Amino acid sequence: MKNKKITDAILSKIKEYGKIIISRHLRPDGDALGSAKGLAEALKATFPEKQIVLASEDGSENLAFLGKDDGQPDDGFYSGALLICLDCGTPERLSNKKYGLAKEIIKIDHHPNIRPYGDIMWVEPERSSVCEMIADFCMRYKSQIVTTPKAAGFLYTGLVTDSGRFKYSVSGDTMRIAGFLLDKGIDTELLFARLNLDDYSWLKYKSFVYKNMKMTEHGVAYIRITKATREKFALTQEQASETVYMMESIKGCLIWLALIDYEDGTTRVRLRSRFVHINGVAEKYGGGGHECASGATLRGAKQIKAFLADCDSLLAEYKSDHEGWI
Ligand code: AMP
C-alpha cells in the first residue's frame, strides 16, 4: 500500500483536531469540488462531534448540482484548526485566502509537487484524480471512516470527470476504488445525464467554435475567446473555459488550447495534449499543471504568439522523433 505512513499520519491528525476546514483550488472543476465535498461528508458522518467546515470562496455553475459549501468561518475559528487543501498545487491557487491562519495544513494533491507546502503532504501525480486518493483513503480505513452514499457520489463525480470518463491516468487501483464507491449506491444514470446533456444554445456556441478554430503549421488546434464572443453567446467565464474540450478529438492535433480573454486584460490559456508532455511550455510562461493538461496566464498578443510558436515547435519535434501517434 503506497504512502501508508503518510495516510496514517493524516488519519491521526484528523482524529486529533476538533476543528477541521476543507478547501480546494479556485475556479473548481469536478475533482476539486468532489474531493472537498466527499471528504467533508465522510468526516462529518464519521465524527459528528467535530466542527468540520467546507470553506471555499467561489463555486461552479456547471456543477451547481453538487451543492454549496458551508461558508467561510471567522478568523477565530482558524486558530487551533486543521486545514486540508485538496487538488491545489500552490497555496496562492487555494480558494481560501485565510489559509495562513490555520494551525496546521495538510496538502493532498495529484499535481506534480513543484511547490511543496503544508505540514503533511500526500502527493501522487500518477493518480487520475484527488477524488481517487480520497476514495482510496476511505477504502484503506473503511473500519474507521464512514463513506456514505452521498460522499461516494461526490467522489465518483470527480473521479469520472478528471479521468475524462476513465480515459486518462487510469490504473487497476482506479477501477478497484471506483468499484468501492459504486458499491455504496450511486445513481450513475442521473449523474451522467447531469454531466453530459447540453443546452440548445451551447450547441450553437460549439458550432461557432468549430467554424472559427485555427491550426498551426504542425497541428496545434486553438481558438481565442474574446470579450465580444463571450457577450455574443452570453457565456460565463466558466462556460468559456469549457471550450478547450471541443478540440480534443482532431486527428493529428496532439496539442490543443483555448485562449480565454479576461476583464483585467490577461488571457488564460487552457492547454491539453495526448502523447506530448506540455507542462514544460506552461511553466515557461509562469503556469504549470500535468503532463497532458496544463494552464498559464498570458499578457498581450506578442506573448500569445510566442506561446503558440512554442507549442508548435514542441509538436513538430515530437512528430519528427516519434511514430505511432494519431
Ligand atoms: P485548467 O486548464 O485550468 O483545467 O488547468 C489544467 C491544469 O493545469 C490544472 O490541473 C491546474 O492545476 C494547472 N494550471 C492551470 N493554470 C495554472 C497556472 N496558472 N499555474 C499553475 N498551474 C496551472
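Author: Rings of Phe, Tyr and Trp (its six-membered ring) pair if their centres lie within 6.5 Å; planes under 30 degrees apart are stacked, over 60 edge-to-face, the rest tilted. This is a predicted model, in which local features need pLDDT of at least 70 and side-chain atom pairs pLDDT 80 or more, while totals for chains, interfaces and linings use all residues. Residues are numbered from 1 along each chain as its sequence is written, and side-chain values use heavy atoms, without hydrogens and water.

Reader: Is the pair of tryptophan 122 and phenylalanine 137 stacked or tilted?

Author: The ring centres of tryptophan 122 and phenylalanine 137 are 6.3 Å apart. Their planes stand at 45 degrees, so the pair is tilted.

Reader: How many residues apart in sequence are the parts that this pair ties together?

Author: Helices (H or I, at least four residues) and strands (E, at least two) are DSSP runs, numbered from the N terminus. Tryptophan 122 belongs to strand 5 (residues 120–123) and phenylalanine 137 to helix 4 (residues 130–140). The pair therefore ties together parts whose separation in residues is 15.

Reader: Are tryptophan 122 and phenylalanine 137 buried or exposed?

Author: Buried means under 20% relative accessible area, exposed over 50%, partly exposed in between (1.4 Å probe, protein chains only). Tryptophan 122 and phenylalanine 137 are both buried.

Reader: In which helix is phenylalanine 307, the partner of tyrosine 285?

Author: Tyrosine 285 and phenylalanine 307 make an edge-to-face pair, with 5.0 Å centre to centre and 75 degrees between the planes. Both residues are buried. Tyrosine 285 is in the loop between helix 11 (279–284) and strand 10 (288–289), and phenylalanine 307, 22 residues apart from it, is in helix 12.

Reader: What arc do the buried residues of helix 12 cover around the axis?

Author: In helix 12, the buried residues are Ile304, Phe307, Leu308, Cys311, Asp312, Leu315 and Tyr318. They lie on the same side of helix 12, because their arc (taken from the directions from the helix axis to the C-beta atoms) is only 135 degrees.

Reader: Which exposed residues are on the face turned away from the buried side of helix 12?

Author: The buried residues pack against strand 7 (220–225), strand 8 (255–261), strand 9 (266–273), helix 11 and strand 11 (293–299), with contact meaning heavy atoms within 4.5 Å. The face turned away from this buried side carries the exposed residues Lys302, Lys305, Ser320 and Asp321.
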